[in-house]
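Here is a short briefing on one protein model. It covers core packing, a helix and aromatic pairs.

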Amino acid sequence: MSQPTSRRFAAISVAILAVFVLLFGPISRYVKGDNAAMKTSPAMQLASLGMKFNGSASCKGSGCHNKDGDDTPPKEPLHELTIWKSQDKHAKAFETLTKKDSTDIGAKLKIADVKTSDKCLSCHALNVDKGLQGSTYSIKEGNTCESCHGPSEKWLKVHADSKWQNDERTKMDHATLLKTFGLYDTRPLIVRAELCASCHLSIDPELVTAGHPVPSFEMAYYSDIEPKHWSETHFKGPDGFINAKIWMAGQDVCLREAAEQLSSRVKAKAPTDAIASAWQQTLAHASVFQPAADVAGLDASLKSHVDALSKLKPEDGDKISAEADAIAKICEDGKAKIDAWAPDAASSTKLLQSVASLTGMATSYGQFGIDQQSMGISSLYEAVATGNNKKD
């Protein structure tokens, strides 16, 4: 399928970075041994449920997800596994660890085998203990079905009924559904963003020093260029400005993650260049998100904290972490408002105009600034252009 003209325009400025991200796979600071991070990482939460992972082979069969056909997004259900296996870069994440670039990074970090290292497997595969591995589990599948949808032990059979998941959604929220059945519901956009950001945003400075690409992520943009094995038609409704909603949810979570990463690097006394990079990444997200926060009614003090952070320097230590922590808290506290926000033509257009009118993003925040502004313009233009259920 060819990209719309608007996608091509925005893709130019992020093409090189996108290639690196897709080449190396998802990236994360959430590795075994980092107890604080493990508590907040959705990927680690899945393993902590204590339910078995059966692997993608369990998704095959008559009336299951391996129906022939690789149109993206699919015109009907049951093509999901076929599309993921044939087109999705997540399926190649483990294979990336066999490449010379990956082994070179491992060598610099004194990792004997990156294919068995928890530090690498935490995001390049579904890395779970043997006791949680079902009969058809294979770590070589990379980021497989259960990496995003949770361990299938309790929901594998019952979800064969197409009505089951919707019925359960009416009875319980995402957290309860996850705890009860092990099902990670990707429909709520905030929790979807948390899953994506846990591997696609933060990164260990040691990995960067060793040559690992630095991630730059925006959920709506990457969802749009991803070979979709899913459909967003359930969001359309009478207006259908879903891209604006996806962008808003993604930026809220990404700004929180970026701010937390900045604060943690300052507190850990990371190298100055690592703090400076995290400072740029945080302010790149904050700059595009500030008008969104106003539209969704988030804490009005966000602007003052962002302004204060922008005037600080890497050596300002505690002041940086204090502002970063305040920004992260506003994003966390604002999740419910983001979730309740209903975009329309006026608000989507206002966001597009606000992001497009930003100046100095490249000079102030480098590649992070370029990426967040260009991807934001692309995603929000898509929302406006296809709103009111207009054809793409």
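Beyond its neighbours within four places in sequence, Phe 289 is in contact with Met 248, Gln 251, Asp 252, Leu 255, Leu 298, Leu 302, Cys 331 and Ile 338. This is a predicted model.

- The largest nonpolar core has 58 residues. Phe 289 is one of the members that touch the most others, along with Trp 247, Met 248, Leu 262, Leu 309 and Ile 338.
- Eight helices are listed below. Each gives two or more residues to this core: α11 (189-200), α13 (219-225), α14, α15 (272-296), α16 (302-310), α17 (318-333), α19 (345-356) and α20 (361-386).
- α14 gives the most, with 13 residues.
- A second core is separate and has 10 residues. Among them are Leu 46, Val 128, Tyr 137 and Tyr 184.
- In soluble globular proteins, nonpolar side chains tend to be buried together.

**Helix α14**

- Helix α14 runs over residues 242-267 and has 26 residues.
- At 1.5 Å a residue, α14 should span 38 Å. Its end C-alpha atoms are 38 Å apart, so expectation and model agree.
- Most of α14 is covered, with 23 of its 26 residues buried.
- Lys 269 follows α14 and has a positive phi, near 55°.

**Aromatic pairs**

- The whole structure holds 4 aromatic pairs.
- One of them joins Trp 164 and Phe 181 edge-to-face. The ring centres are 5.0 Å apart, with 90° between the planes.
- This pair links distant parts of the chain, 17 residues apart. Trp 164 sits in helix α9 (residues 164-171), and Phe 181 in helix α10 (residues 174-181).
- Trp 164 counts as buried because its relative accessibility is 9%. Phe 181 is also buried, because its relative accessible area is 16%. The cut-off for buried is under 20%.
- Phe 217 and Tyr 222 form a stacked pair, because their planes are at 20°. Their ring centres lie 5.6 Å apart.
- Phe 217 counts as buried at 6% relative accessibility. Tyr 222 counts as buried at 11%.
- Phe 217 and Tyr 222 belong to one aromatic cluster with Tyr 221.

Definitions and conventions. Residues are numbered from 1 along each chain as its sequence is written. This is a predicted model: local features need pLDDT of at least 70, side-chain atom pairs count only at pLDDT 80 or more; totals for chains, interfaces and linings use all residues. Side-chain values use heavy atoms; hydrogens and water are left out. Helices (H or I, at least four residues) and strands (E, at least two) are DSSP runs, numbered from the N terminus. The expected span of a helix is 1.5 Å times one less than its number of residues. Buried means under 20% relative accessible area, exposed over 50%, partly exposed in between (1.4 Å probe, protein chains only). Rings of Phe, Tyr and Trp (its six-membered ring) pair if their centres lie within 6.5 Å; planes under 30 degrees apart count as stacked, over 60 as edge-to-face and the rest as tilted. A nonpolar core is a set of buried Ala, Val, Leu, Ile, Met, Phe, Trp, Tyr and Cys residues joined through side-chain atoms within 4.5 Å. Contact means heavy atoms within 4.5 Å.
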